[in-house]
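Please read this note with the sequence and the 3D view side by side. Take the points in order.

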Amino acid sequence: MNILKSWRTYRILLGILTTLFSFYVCKNDSEFTSVQDRFPGRAWAEPINVQKSLPGLNGLTAKDCGSCHEDHYKDWKISAHANAFTDLQFQAELSKPNSPQWLCLNCHIPLSGQRKEIATHLKDGNVFQPVLVPNKKFDPAWEKEGISCGTCHLKSDPQGNTVLIGPTGAKAPHPVEKNREALHTRCNDCHNQDYILNLSLVCYFKTGDEYKKSIHFPKEDCVSCHMPSINRRVVLPSFQMGKKNSHRHTFIGGGVPKTFALFDAQWKGYQSGLKIGEPRWVFSEKEGVRLSLTLENTLAGHSVPTGDPERHLMMEAILQDKDGKEISKEIQKIGQNWEWYPEAKLVSDNRIRSGEKRNIDWVLKTKLVSEPKFGILRILHVRLTKENAEHMKKNSNFASSEIGKKIKNIELYYPFANIFYESKIDLITGKISLTSKDKLLEISKRGDL
Ligand code: HEC
Ligand code: HEC
Ligand code: HEC
Ligand code: HEC
Ligand code: HEC
């Protein structure tokens with residue numbers, strides 16, 4: 001009897017528990033979505049799950065690779081990739097209270113060992129409510145490396161083993177899996193993505209699509225232009241390997257580096273995508289001064305500029321009197337225009353497409369106070385606008401005190417732009433002089449652009 005009674009109680013209890021459990025599971029199912037289900041097929045939905053090391057190596061950080069691949073390491077150190085985490089603008093945006101940090105980090109520090117915490121699920125599928133699990137394998141030095149060597153050279157196979165990918169399958173102290181194709185297509189996992197997170201937060205980089213429509217497709221690709229070939233040793237001389245076809249790992253793009261100290265190194269490899277025709281300045285009784293020139297995108301395999309929506313070119317036309325005093329200035333912008341409120345929307349886009357030749361015809365409408373003697377044309381490649389820098393300063397308290405202090409004085413640490421073209425004409429004699437590349441570097445390095 002007692003046994004029967006307790007058996008019944010047990011069954012009732014079991015029933016209640018089962019109901020509660022299934023209720024919990026179902027509720028859990030509907031509340032928490034795995035990040036892969038939320039962003040199916042997106043390479044950046046999750047970090048790349050990597051081991052701490054591989055046979056033959058002491059570790060997988062860029063510094064570890066650099067102990068043998070010294071030249072690759074030196075190249076990479078000057079790139080924006082190596083600064084993708086420490087970047088002050090990135091840190092400023094990341095620290096804002098409404099930033100979906102886990103998602104930003106999936107592209108800016110994509111290896112699991114670089115992550116303090118890993119997002120496994122999203123509550124109600126909401127990117128702003130991730131379930132974060134602390135990561136025991138976190139290495140803070142690796143975190144600072146941003147887009148480290150392993151971003152492109154490491155992957156996780158279906159068994160969860162870490163694999164090192166190389167272009168030729170050369171024999172090395174570490175295992176190498178030959179897959180040149182995977183190395184070349186990797187760029188688009190980050191450089192050809194767009195998605196809408198909420199009304200005012202969108203991610204929009206379509207460089208890969210622009211490339212497919214470019215005059216260079218398919219003969220050249222991201223790698224042939226941004227990682228040019230160079231014949232050199234691939235490892236330290238002590239390995240006694242001969243020189244071979246290698247690739248620069250500087251990933252130079254628009255020539256505006258992440259710190260002033262990197263300007264010299266990047267400027268050497270930087271070339272504008274535009275062929276800029278000789279400007280023509282013509283006096284016109286009625287109009288003032290008319291300026292015309294052609295800009296042709298011959299060298300870039302995508303629009304100029306490309307990538308981040310904030311990037312743009314700024315053309316400044318200036319008239320000066322005989323004493324060099326500015327008497328008028330006109331500005332034109334080449335880039336995308338977005339409206340962010342109440343809803344993010346691309347309003348206009350006048351970037352110069354690959355292969356496009358654009359005639360710029362421009363009247364300097366001016367109430368001339370004195371006779372113009374010189375005409376100056378300048379073109380800047382802008383990465384960060386002054387207005388945006390002001391917003392960053394206002395929000396700098398959200399960042400750590402060390403980074404916040406730098407953001408408050410961002411113009412001292414972070415180049416906003418470069419100046420890649422300048423010419424000056426004597427309007428009376430018609431003589432034009434071009435500012436040299438060295439001089440442009442000197443002006444750009446001074447900052448305040
Ligand atoms: C102990 C020295 C050493 C370290 C450390 C090292 N490598 Fe290597 N690696 C080599 C040697 C030697 C070769 C072959 C070079 C040759 O063929 O000229 C090589 C070749 C390669 C290749 C070319 C493979 C191919 O398919 O052609 C890649 C890619 C590579 N290493 C990446 C890495 C990465 C990434 C790291 C860090 C995770 C790393 N290596 C760390 C010594 C090293
Ligand atoms: C995991 C994501 C990721 C991958 C993969 C990736 N990049 Fe990038 N790339 C970035 C980020 C993030 C930045 C910007 C960093 C910053 O500005 O702080 C960047 C910047 C650049 C720049 C701009 C440099 C500049 O000076 O403005 C170039 C060029 C570039 N990448 C080329 C490539 C190429 C070529 C590949 C493929 C071989 C590639 N990237 C693969 C994330 C990635
Ligand atoms: C953004 C992607 C990316 C990053 C980051 C990257 N590599 Fe590479 N790497 C490539 C690509 C692409 C190739 C192959 C190019 C080819 O052969 O067509 C390559 C080739 C190599 C090779 C073979 C020799 C050569 O120069 O072609 C070595 C060695 C190498 N990388 C080492 C490194 C090391 C060390 C780092 C970090 C300091 C690093 N890579 C970072 C994309 C990357
Ligand atoms: C035919 C050569 C070529 C190809 C192909 C090419 N690029 Fe570029 N890229 C350039 C040049 C030149 C610039 C500098 C543009 C400028 O500032 O005038 C540039 C600039 C960039 C920038 C910096 C943003 C800017 O506008 O300055 C990024 C990012 C970039 N490229 C990524 C890529 C990616 C990703 C691919 C492949 C999908 C790619 N590029 C293919 C030549 C090329
Ligand atoms: C899909 C991958 C991806 C994700 C996710 C991502 N980024 Fe980026 N980010 C990039 C690439 C690629 C670039 C380089 C684009 C370029 O230079 O043209 C970049 C560049 C940047 C830059 C530098 C822009 C410049 O002109 O110097 C900042 C700042 C930045 N990202 C912030 C963020 C923040 C904040 C988030 C999260 C809300 C985020 N990113 C999420 C890929 C990504």
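The points below go from the whole protein to the surroundings of two ligands.

1. Ground rules. This is a predicted model, where local features need pLDDT of at least 70, side-chain atom pairs count only at pLDDT 80 or more, and totals for chains, interfaces and linings use all residues. Residues are numbered from 1 along each chain as its sequence is written, while chains are lettered from A and ligands numbered from 1 in the order in which they are written.

2. Overall build. The protein has 17 helices and 20 strands. These are DSSP runs numbered from the N terminus: helices are H or I with at least four residues, strands are E with at least two. The C-alpha atoms fill a box of roughly 115 × 60 × 45 Å along the principal axes.

3. Burial. Of the 449 residues, 28% are buried (20 or more other C-beta atoms within 10 Å of the residue's own, C-beta atoms being placed from the backbone).

4. Ligand 1. The shell here holds 26 residues (C-beta atom, placed from the backbone, within 6 Å of the molecule). Cys-65, Cys-68, Gly-166, Ala-172 and Met-241 are the closest. Helix α8 (149–153) is one of the elements that supply at least two residues. Its share, three residues, is the largest.

5. Ligand 5. Here 23 residues form the surroundings, and Glu-93, Cys-104, Cys-107, Gly-307 and Asp-308 are the closest. Elements giving two or more residues include α5 (88–94) and β8 (201–206). The top contributor is α6, with five residues.

How values were computed:
A residue is buried if 20 or more other C-beta atoms lie within 10 Å of its own, exposed if 12 or fewer, and partly exposed in between; C-beta atoms are placed from the backbone.
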